[in-house]
Amino acid sequence: MVHREALEAYLHEQLAVGECTDYAPNGLQVAGRERIETLVTGVTASAALLEAAAAAGADAVLVHHGYFWKGEDPRLVGMKGRRVRLLMEAGINLYAYHLPLDVHPELGNNAGLARLLGWEVTERRSAHGVPGLLWVGRPAAPLDPGALRRGLAEALGREPTHVAAAPERIERLAWCSGGAERLLEQAAGLGVDAYVSGEISEPTAHAARELGVHYFAAGHHATERSGVQALGAHLGEAFGINHRYIEISNPA
Ligand SMILES: [Zn+2]
């Protein structure tokens, strides 16, 4: 068992929350019951995740994508009102950790990607003013681009979108989980052969070709599943609480 505030204090320190400016509050976003014995993790605090968590007897839900994003309508009406009501009626605490869970050197999404794909990490760069957001490294052995595409598909269970560029071998690459396609130009400036992130939009395809870097959009959801799972497993051990990850599939 762990107390609601004790868990938040532990996560604040463990994830170095104070070192990161973010687009949403990191920490306890909706307070539920005081004692936590069962923790459910998931990528996004959607209604589907909250319903599954309530059915699993969760005292707390921990996600990568919570609520109260900068610029969002702050009112608890409509879809957001229903989600928050679901939490409050079930007495479930909602914890959300966004950028701190991308950058964490062991429990984060970028670390998880490297682990899944067997990439060696050589550097962690600041990006958008966030220390350690853009990761640089190399595959276990130089790869042709098709082999990297197959590796991503196998590791993440989803076919990536590949924009091909000139390099025939991938010896160095950079990556950032989620919606970080805009870091492509910074990655290209580091002289890598490929950049991997989650999403793609129209201008990114042209940019990849012009910058001479292979771009792989491997899925926003798919590249951000590992962080909450690693963190949940860690908390289960640290506090002797039950942890379960619930997958709500998402093709994006
Ligand atoms: Zn994300």
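Visitor: How many salt bridges does a search of the whole structure find?

Guide: The search finds 9. A salt bridge is a side-chain nitrogen of Lys or Arg within 4 Å of a carboxyl oxygen of Asp or Glu. This is a predicted model, where local features need pLDDT of at least 70 and side-chain atom pairs count only at pLDDT 80 or more, while totals for chains, interfaces and linings use all residues. Residues are numbered from 1 along each chain as its sequence is written, and side-chain values use heavy atoms, with hydrogens and water left out.

Visitor: What makes Asp59 and Arg33 a salt bridge?

Guide: Their side chains meet at 2.7 Å, N to O. The cut-off is 4 Å, so the pair qualifies. Asp59 lies in the loop between helix H2 (47-55) and S5, and Arg33 in the loop between strand S2 (27-30) and strand S3 (35-36), so the pair ties together parts 26 residues apart in sequence. Helices (H or I, at least four residues) and strands (E, at least two) are DSSP runs, numbered from the N terminus.

Visitor: Why are His65, His220 and Glu224 called donors of the zinc ion?

Guide: Donors are N, O and S atoms within 2.8 Å of the metal (3.2 Å for Na, K and Ca). His65 (NE2), His220 (NE2) and Glu224 (OE) lie 2.1 Å from the zinc ion, so they count. Water is not among the atoms, so sites may look incomplete.

Visitor: How are the donor residues spaced in sequence?

Guide: The spacing is H-x154-H-x3-E. His65 is in strand S5 and His220 in helix H9 (residues 220-223), 155 residues apart.

Visitor: Which domains does the assignment give?

Guide: Domain 1 is 2-98 + 226-245, and domain 2 is 103-223. These bounds come from an automatic or database domain assignment. The C-alpha centres of the two lie 28 Å apart.

Visitor: How do you know how many residues of domain 1 are in contact with domain 2?

Guide: Contact means heavy atoms within 4.5 Å. By that rule, 15 residues of domain 1 are in contact with 12 residues of domain 2. Across this interface the rule finds 0 salt bridges.
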